[in-house]
Amino acid sequence: MLPDDFTPSYTPIGNINTEHILIALHKDTLLCSDSALAGTTQLSPLGVPEYVIVIGHWQGQPVQMAAWEGELDLPADVAALELRAAYSLIGETLWLLAGRASQIATFYRTHRYCGVCGSAMRRLEEEAACECTGCGHRVWPRISPAVMVLIRRDTEVLLARSPHFRAGMYSAVAGFVEPGESLEQCAQREVLEEVGVRIKNLRWFGSQSWSFPHSLMLAFVADYDSGEIVCQQGEIEDARWFDLAALPEMPSRYSLAWRLLDAAIRGEFTT
Ligand SMILES: [Zn+2]
């Protein structure tokens, strides 16, 4: 998701422009100060970034990303934060812009060499893409679609937890789309695989870019059809029905999963 009043674009520029909004990245971290994104003065000891790109305009203001890839000695007043950890520090708008920057930086960092012939890749000037200097093969930023389904049964919802969730947290069932699969097929398959039940009456809810590192979450709500809960070994450590009036710890507030559950609590999905 991008902020309202944001228009994406792509224009490499020679160096940091002090008039533009700046999102500075070091590898997969965001460079921040105590209470905000790191500014040009704080970052000046780092020298010239590997690249600087205007990635769009927010409320008419250019937004630039600057990326450093080598080892750095960070100034004492600059911290390298993971994107997730920066949300409460920089607020939603800048965090969403940082998500776009981070996905582009991840793409460049992971496409230095051609997957076809192994030659070096070069960044194109006119769009976010890389071209092989040997065979001309072109690649664009990878976006990985993942489907999320909130399953309803009367006043209950079926929530599951994966072993890597924080303690006590449950969420809607989710999984990546397989090559060749439609979103609706993915929803049916993931639910059956992960929690062993069948669903019906699948309805669209909404989507969210999820920059960890490059997912696009696509959320649906569905009604329970049949079957008993059976957790998929290795993927799901627990799954159960929860009454909407007594939900466990919810996913992060900035996630689509939270919005989905919040909508259910507010009665948006009653049939
Ligand atoms: Zn090549």
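How many residues does helix α3 have, and how far does α3 reach from its first C-alpha to its last? Select residues 92-109: helix α3 has 18 residues and reaches 25 Å between those two atoms, close to the 26 Å expected at 1.5 Å a residue. The expected span is 1.5 Å times one less than the number of residues. Helices (H or I, at least four residues) and strands (E, at least two) are DSSP runs, numbered from the N terminus.

Before continuing, note that this is a predicted model, in which local features need pLDDT of at least 70 and side-chain atom pairs count only at pLDDT 80 or more, while totals for chains, interfaces and linings use all residues. Residues are numbered from 1 along each chain as its sequence is written, and side-chain values use heavy atoms, with hydrogens and water left out.

Now colour α3 by accessibility. Of its 18 residues, 13 are buried, and α3 is thus mostly covered. Buried means under 20% relative accessible area, exposed over 50%, and partly exposed in between (1.4 Å probe, protein chains only).

Next, select the sheet with the order β7-β8-β9. This open sheet of 3 strands has antiparallel pairing. β7 (121-123) and β9 (138-139) stand at the edges with a single partner strand each, so one side of each has no neighbour in the sheet. Two strands pair if DSSP finds at least two bridges between them; β7 and β8 (residues 130-132) are joined by 3 bridges.

Turn now to the side chains. A salt bridge is a side-chain nitrogen of Lys or Arg within 4 Å of a carboxyl oxygen of Asp or Glu. The count by this rule is 17 salt bridges.

Which residue meets Glu237 in a salt bridge? The partner is Arg161, at 2.5 Å from N to O. Glu237 lies in the loop between β14 (215-226) and β15 (238-243) and Arg161 in strand β11 (residues 156-161), so the pair ties together parts 76 residues apart in sequence. Glu237 is partly exposed at 46% relative accessibility, whereas Arg161 is buried at 8%.

Select Asp223 and Arg203, whose side chains meet in a salt bridge of 3.3 Å, N to O. Asp223 is in strand β14 and Arg203 in strand β13 (residues 198-210), 20 residues apart. Asp223 counts as buried at 12% relative accessibility.

Finally, select Arg266 and Asp262, a salt bridge with its closest N and O atoms 3.0 Å apart. Arg266 is exposed, with a relative accessible area of 53%.
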